[in-house]
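Please keep both open and look up each residue as it is mentioned.

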Amino acid sequence: MGLSKIILLAALVAALSFPVARAVPASAGSTKTCSAGYVHANLSWGQKCLKAGQLCKIKGDREYHRYRFHCHTGRLSRSSAGGNASGSGCQAGYSPCLPRVADLNCGDIPESKKPIHVSGSDPYRLDGDGDGLACEP
């Protein structure tokens, strides 16, 4: 299977995994109605239906707090420890948990999580002075 087919298949799977919102008549306002098991959220980037385990915007963590969710690992969770009890969603060597992504900069990390304690390797190169603390104010 070619790379373009794999990417297309991955995009299709991702699109199908998001919650389906029922249409609301224009006269009823522009609020979104969420399926059972989802929480309606009015976030700065739009109205969303939230559920633990969904992909989320780490920079939007504080907004998710209003709806009793956290976004520390790139997936919504109901606890501040993140949505993955095994820790497999966290990049080793950082505390608090940072998500496993291709690249991460201090600007991508919410202020509420800073400074970051670095132990061992520093794959994101956040601790420029090597003192064990990264993204210091």
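Y124 is buried, with a relative accessible area of 4%, and the value, like every other one in this briefing, is computed from a predicted model. The ring of Y124 forms a stacked aromatic pair with the ring of Y94, the two centres being 5.4 Å apart and the planes 15° apart. Because Y94 lies in strand β3 while Y124 lies in the loop between β4 and β5, this pair ties together parts of the chain that are 30 residues apart in sequence. Y94 also counts as buried, at 8% relative accessibility.

**The chain as a whole**

- The protein chain contains two helices and five strands, and if you read along the sequence these elements follow the pattern α-β-β-α-β-β-β.
- The protein chain has 137 residues, of which 28% count as buried.

- Three strands form an open sheet in the order β3-β4-β5, and their pairing is antiparallel.
- The edge strands of this sheet are β3, at residues 94–95, and β5, at residues 133–134, each of which pairs on one side only.
- Strand β4, which covers residues 116–118, pairs with β5 in the antiparallel sense over two bridges, and within this pairing I116 has A134 in β5 as its bridge partner.
- P115 is found in the loop between β3 and β4, and at 31% relative accessibility this residue counts as partly exposed.
- Leaving aside residues up to four places away in sequence, P115 touches S95, P96, L133, A134, C135 and E136.
- One of these residues, C135, is 20 residues from P115 in sequence, yet their C-alpha atoms are 5.2 Å apart in space.

**The hairpin of β1 and β2**

- Strands β1 and β2 run antiparallel and are joined by five bridges, while a hairpin of two residues leads from β1 to β2.
- Within this pairing, N42 stands opposite Q47 in β2.
- R66, which is found in the loop between α2 and β3, is exposed, with a relative accessible area of 52%.
- Not counting residues up to four places away in sequence, R66 touches N42 and L43, and the side chain of R66 reaches the backbone oxygen of N42 at 2.9 Å.
- R66 and A41 are 25 residues apart in sequence, and their C-alpha atoms are 8.6 Å apart in space.

**Aromatic rings and a charge over a ring**

- How many aromatic pairs does the count come to? The count comes to two aromatic pairs, and one of them is the stacked pair of Y94 and Y124 described above.
- In the pair of W45 and Y64, the ring centres are 5.8 Å apart and the planes stand at 70°, so the pair is edge-to-face; the reasoning rests on the rule that planes over 60 degrees apart count as edge-to-face.
- This pair links distant parts of the chain, since W45 is in the loop between β1 (39–43) and β2 (46–50), whereas Y64 is in helix α2 (residues 61–65), 19 residues apart.
- Is each of these two residues buried or partly exposed? W45 is partly exposed, with a relative accessible area of 28%, whereas Y64 is buried, with a relative accessible area of 4%.
- The charged end of K51 sits over the ring of Y38, at 5.1 Å from the ring centre.

**A histidine contact**

- H70 is found in the loop between α2 and β3, and at 17% relative accessibility this residue counts as buried, because buried means under 20%.
- The side chain of H70 makes a polar contact with the side chain of H65, at a distance of 3.1 Å.

Technical notes:
Residues are numbered from 1 along each chain as its sequence is written. This is a predicted model: local features need pLDDT of at least 70, side-chain atom pairs count only at pLDDT 80 or more; totals for chains, interfaces and linings use all residues. Side-chain values use heavy atoms; hydrogens and water are left out. Two strands pair if DSSP finds at least two bridges between them. Helices (H or I, at least four residues) and strands (E, at least two) are DSSP runs, numbered from the N terminus. Rings of Phe, Tyr and Trp (its six-membered ring) pair if their centres lie within 6.5 Å; planes under 30 degrees apart count as stacked, over 60 as edge-to-face and the rest as tilted. Buried means under 20% relative accessible area, exposed over 50%, partly exposed in between (1.4 Å probe, protein chains only). A charge sits over a ring if NZ of Lys or CZ of Arg is within 6 Å of the ring centre and within 35 degrees of the ring normal. A polar contact is a pair of N or O atoms within 3.5 Å; within protein, one must be able to donate a hydrogen and the other to accept it, and residues adjacent in sequence count only if both atoms are side-chain atoms. Contact means heavy atoms within 4.5 Å.
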